Amino acid sequence: MKFKIDKIDQNARACTIQTSHSTIQTPIFMPVGTLGAVKSLDANDLLDELDAKIILGNTYHLYLRPGSKIIKEFGGLHGFTKFNRSFLTDSGGFQAFSLRSNTKNDDLGIKFKSHIDGSMHYFTPKSVLDTQYDFNSDIMMILDDLPALPASKERIELSIKRTLSWAKIAIDYHEQNKQNGIGINQNIFGIIQGGTDYEARKLCSQSLCEMNFDGLAIGGLSVGESNNEMYDTVEAMMPFVDTNRPRYLMGVGTPEDIVENIERGVDMFDCVMPTRNARNGTLFTTFGKINIKSAKFINDQGPIDPNCNCYTCRNFSRGYLNHLFKSRELTFFRLASIHNLHYYLSLVKEAREAILQCKFSKFKKEFYAKRGKNEI
């Protein structure tokens, strides 16, 4: 991986990340393809209509089905899905949180009971990398211990202890494998935990920065805390997060979350919100959200957003999309998902251009003004 800072405007950053499969200009939003597909879209939609440079896959789900060895036989995720640009794969640590009724963490790893067939599986810092080597993902996330918030001080301390222990095992294992010709073109990111505890975040950040990770992710936020707590936590920990590596805020979030955290120095984002909301009829626009199922759109011949040039807005009306949604026509999911992802990708692209021109503060003010909101 090559990483270069192109411009800094106060704390907001415009950077370039180069992997073996694509060049990624940040700030960047990564569409979520949990099962190797962004829901309702195929590789051509992502490449031709959205020009996505990187998407996210889920190690836990792909490990269970179809299995990493099958994916490896197809040439990794790139050959399997035909998306020939970069993949980031998470480690399964978030699933230990989201599926916690089926999981149990200990000091050595995470035991999972499959949500598919009830079979038992044990993820360790080494095993999740072995799975991701089979995927040939460009960016591999390490196993981490993620507590729900709010959490006790004791639970936060245990999370930090496990996360740092697993991080050391993972980075040493990866360095050893590279010497043996495995994962040479794959990159590994550490994950900073600590809840909303300042000292815990500081300790975890500083400890991970001492290790030879290619990038650093901020995990354990947007899991129960308020938005302001999230923003304050990111802002407080940034002085301890290495400037010369990509910074990735995991699982975040709304357009406001993205703008606020770009301002605080974050480079990379992912979230299921644009595609999940699309399937439920909620569409993002420059002036806020609309619910396309509303009766007021039945006779509306205009596009979702007159300021948008996505495939959907160029070709179809609100009235038609209203009809598709109410008819439960599958075409709606594709058209709505293309629009919402185009909105997110355009948002971070516009943020980048503002940073390059040292006009991010103006961009942020206009972003909120268009939505009829006050700045946070």
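How many bridges join strand 1 to strand 2? In this predicted model, in which local features need pLDDT of at least 70, side-chain atom pairs count only at pLDDT 80 or more, and totals for chains, interfaces and linings use all residues, 7 bridges join strand 1 to strand 2 (residues 12–18), and the two run antiparallel. Residues are numbered from 1 along each chain as its sequence is written, and side-chain values use heavy atoms, with hydrogens and water left out.

Helices (H or I, at least four residues) and strands (E, at least two) are DSSP runs numbered from the N terminus, and two strands pair if DSSP finds at least two bridges between them. The bridge partner of F3 is I17 in strand 2. An open sheet of 3 strands has the order 1-2-3, with antiparallel pairing; its edge strands, strand 1 (2–9) and strand 3 (23–25), each pair on one side only.

Two packed helices are described by the angle and the distance between their axes. The axes of helix 10 (residues 255–263) and helix 15 (residues 360–370) come within 11 Å and cross at roughly 165°, where axes are lines fitted to C-alpha atoms, for helices over the stretch in contact, and angles run from 0 to 180 degrees between N-to-C directions. Helix 10 and helix 15 are therefore roughly antiparallel to each other, a term that applies to angles over 145 degrees. In the contact (heavy atoms within 4.5 Å), P255, E256, V259, E260, I262 and E263 of helix 10 meet F360, F363, K364, F367 and Y368 of helix 15.

Note on methods. Parallel < 35°, antiparallel > 145°, perpendicular 65-115°, else oblique.
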